[in-house]
Amino acid sequence: MTTSPTGADGPNDDQEVAGLAARLREHRLGSRLTLEVAAARVGLSPAYLSRLETGRRQPSLPVLLGLARAYGTSVSGLLGETMAEPDPIVRGAAVEPGRAGGWGYRRAGAPGRAMQSLHVHVPPGVQDAVVRVHPGEEWLYVLQGALRVTLGERVHRLGPGDSAHYDSLTPHCLAAESEDGVELLFIHTLLQSPGGELCLGGGPSAGH
């Protein structure tokens, strides 16, 4: 991951998603949240969130998920995808690299649904030092590579064909252990509670 979720500077090699910075600011203002409150809800520093809103940094996929929950929208909404009548069929396509802090992904389901489906490429190495906690459920299925899943105090290592389905109020984080990263299918529910969209810093040392 090219930037720290807490706001530390780092190289910015990701290509900018057109209009993303402006939409992040619009969604925050539409939710009547200050930079400080919004940043706290997703475990970011206000300075880092400001950099996202001015286009000086690109968010990782976990950060996009957190912001979507905080603003009551979807990742598709933040990316500016049209919300027309959902097509029940989603054709296969290549995963776009470098679109979210090194995490590559593409939508694998219709937008505007209670469940959000993504095809994700997790790059090798440590991606995120934030342990995530939020309402809802998450399900993932490993297509290729070795994935480390930390759920609470337990660490699980998954390979191709393995899956995980967990309550996302359980502190959790993901990391690729294989040299080429991990390809996985990822589904999560968009559920909110007044203080539930929390990302807690730190976490088990065996995690991210």
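Author: Gladly, and let's begin with strand pairing: two strands pair if DSSP finds at least two bridges between them. Keep in mind throughout that this is a predicted model.

Reader: What makes β2 and β3 a pair, then, and how do they run?

Author: Four bridges join β2 to β3 (residues 115-122). The rule asks for at least two, so the two strands count as paired, and they run antiparallel. For one place to look, find G104, whose bridge partner in β3 is H121.

Reader: Why is β2 called largely enclosed?

Author: Because four of the five residues of this strand (residues 103-107) are buried, the rest of the structure largely encloses β2.

Reader: Let's turn to α1. How do you know which side of α1 its buried residues are on?

Author: In α1 (residues 20-30), the buried residues are L20, A21, R23, L24 and R28. They cover an arc of only 165° around the axis, so they sit on the same side of α1. E26 and G30, on the other side, are exposed. As a reminder, an α-helix has 3.6 residues a turn, so residues three or four places apart point the same way.

Reader: What covers the buried residues of α1?

Author: The cover includes α2 (35-41), α3 (46-53), α4 and α5 (75-78).

Reader: Why is S31 called partly exposed?

Author: Its relative accessibility is 26%. Buried would need under 20% and exposed over 50%, so S31 falls in between and counts as partly exposed. S31 lies in the loop between α1 and α2, and its side chain reaches the backbone oxygen of H27 at 2.9 Å.

Reader: What makes E53 and R28 a salt bridge?

Author: Their closest N and O atoms are 2.6 Å apart, and the cut-off is 4 Å, so the pair qualifies. The pair links distant parts of the chain, with E53 in α3 and R28 in α1, 25 residues apart.

Reader: How do you know whether E53 and R28 are buried or exposed?

Author: E53 has 9% relative accessibility and R28 has 5%. Buried means under 20%, so E53 and R28 both count as buried.

Reader: What makes the contact of E138 with R69 a salt bridge, and what does it tie together?

Author: The N to O distance is 3.4 Å, which is within the 4 Å cut-off. E138 lies in β5 (residues 137-144) and R69 in α4, so the pair ties together parts that are 69 residues apart in sequence. Both E138 and R69 are buried.

Reader: Which residues have the most contacts inside the largest nonpolar core?

Author: They are L67, V120 and L140, in a core of 40 residues. Its largest share, seven residues, comes from α4 (residues 61-70).

Terms used
Residues numbered from 1 in each chain as written. Predicted model: local features only at pLDDT ≥ 70, side-chain atom pairs only at ≥ 80, totals over all residues. Heavy atoms only, no water. Core = buried A, V, L, I, M, F, W, Y, C linked by side-chain atoms within 4.5 Å. Buried < 20%, exposed > 50% of the residue type's maximum accessible area, 1.4 Å probe, protein only. Arc of directions from axis to C-beta. Contact = heavy atoms within 4.5 Å. Polar contact = N/O pair within 3.5 Å; in protein donor to acceptor, adjacent residues only side chain to side chain. Salt bridge = Lys/Arg side-chain N within 4 Å of Asp/Glu carboxyl O.
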